[in-house]
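Please keep the sequence and the structure in view while reading the points below.

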Amino acid sequence: MRSMQPVLFLLCFFSVLAVLNLSAAQTPIPAKYDGFVYGGGSLWKGLVIIEAFLDPMCPDSRDSWPSLKQTLEFYYPRVSLSVHPFALPYHNNAFASCRALHIAHNLNASSTYPLLELFFKHQESYYNAPTYDRSRAFITDQFSKIAAKAVGEGSYSAIKSGYNDSRTDMATRISFKYGCSRGVMGTPYFFVNGIPLPDYGSALDFKKWKRIINPLLTEKK
């Protein structure tokens, strides 16, 4: 999302400075590479690797997902994807939704992408204006109910407890700081084989994804 880019750039800039200045004890290195691999397994199994920085509360992230998913299904297993949750600071409920993805992934790794799609489906109900007078407790309760549909029956209590676990808070912060360290300034933001695509903040249709990926696969052959 391109709006308020200068504000996000400054936030990212100062976040990166903070990361560089904090000691390892203050900002622990995560146990695994950030992101959720589509379909599970290793991100590096594909010949072409896509990394997508998405905000579950961002309409542009939502609009980018159908064509990206179509691309993955068309090229599987030659293309692999990792989604990095990136909570845009001007979406009031973004951090809580990104945190829900981490909580769900810890409980049931196969639920992460179904939950992301549920957030996209119900996104408009949790924009800033409709939730202006709602408490944080209300939002996390609603997100826990949504996440329980993806994680599985009887998971509501465990998901709700996940919001009290400092590790899920830290994981969500690390995801954001990681995006800032790579120059991410909005969502959706895509990298292909480590190189950022220029059209960040807007969806790419299937034809454009094919124009990007086909030459790479031809070169691999």
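The model is predicted. The protein chain contains eight helices and five strands, and buried residues account for 48% of its 221 residues. About 400 Å³ of space lies in its largest pocket.

**The chain as a whole**

- Read from the N terminus on, the elements follow the order α-β-β-α-β-α-α-α-α-α-β-β-α.
- Among contacts between residues at least 6 apart in sequence, 76% join residues at least 24 apart.
- The chain exposes about 11100 Å², and carbon and sulfur atoms supply 58% of that area.

**The largest pocket**

- The space in the largest pocket amounts to about 400 Å³. Its lining consists of 18 residues, of which Pro-30, Ala-31, Lys-32, His-102 and Ala-171 are the closest to the centre of the pocket.
- Which elements give two or more residues to the lining of the largest pocket? They are helix α3, which spans residues 94–107, and helix α7, which spans residues 166–181.
- Helix α7 provides the largest share of the lining, with five residues.
- Sorted by class, the lining has 10 nonpolar, five polar and three charged residues.

**Ser-67 in helix α2**

- Ser-67 belongs to helix α2, which covers residues 59–75.
- Is Ser-67 buried or exposed? Its relative accessible area is 11%; because buried means under 20%, Ser-67 counts as buried.
- A polar atom of the Ser-67 side chain lies 3.3 Å from the backbone oxygen of Ser-64.
- The backbone oxygen of Leu-204 lies 2.4 Å from a polar atom of the Ser-67 side chain.
- When residues up to four places away in sequence are not counted, Ser-67 touches Leu-204, Asp-205, Phe-206 and Trp-209.

**Ser-161 in helix α6**

- Ser-161 is part of helix α6, which runs over residues 156–162.
- Ser-161 counts as partly exposed because its relative accessibility is 46%, and the range for this class lies between 20% and 50%.
- Between Ser-161 and Ser-144 there are 17 residues of separation in sequence, and their C-alpha atoms are 9.3 Å apart in space.

**Cis peptide bonds**

- The peptide bond from Tyr-76 to Pro-77 is cis, and its omega is near 5°. Pro-77 lies in the loop between helix α2 and strand β3, the latter being residues 79–85.
- The peptide bond from Thr-187 to Pro-188 is also cis, with omega near -5°. Where is Pro-188 found? Pro-188 is in the loop between helix α7 and strand β4, which spans residues 189–192.

**Backbone angle at Asn-193**

- Asn-193 is a residue other than glycine with a positive phi, near 50°.
- The loop that holds Asn-193 is the one between strand β4 and strand β5, with β5 comprising residues 195–196.
- At a relative accessibility of 38%, Asn-193 counts as partly exposed.

Terms used. Residues numbered from 1 in each chain as written. Predicted model: local features only at pLDDT ≥ 70, side-chain atom pairs only at ≥ 80, totals over all residues. Heavy atoms only, no water. 1 Å grid on protein atoms, 1.4 Å probe; cavity = no way out; pocket = protein on both sides within 12 Å on 5 of 7 lines; lining within 4 Å. Points joined across faces, edges and corners; volume = space filled by probe spheres on them. Helix = DSSP H or I, 4+ residues; strand = E, 2+ residues; numbered from the N terminus. Nonpolar A, V, L, I, M, F, W, Y, C, P; charged D, E, K, R; others polar. Buried < 20%, exposed > 50% of the residue type's maximum accessible area, 1.4 Å probe, protein only. Polar contact = N/O pair within 3.5 Å; in protein donor to acceptor, adjacent residues only side chain to side chain. Contact = heavy atoms within 4.5 Å. Areas by Shrake-Rupley, 256 points an atom, 1.4 Å probe, with all protein chains shown as cover.
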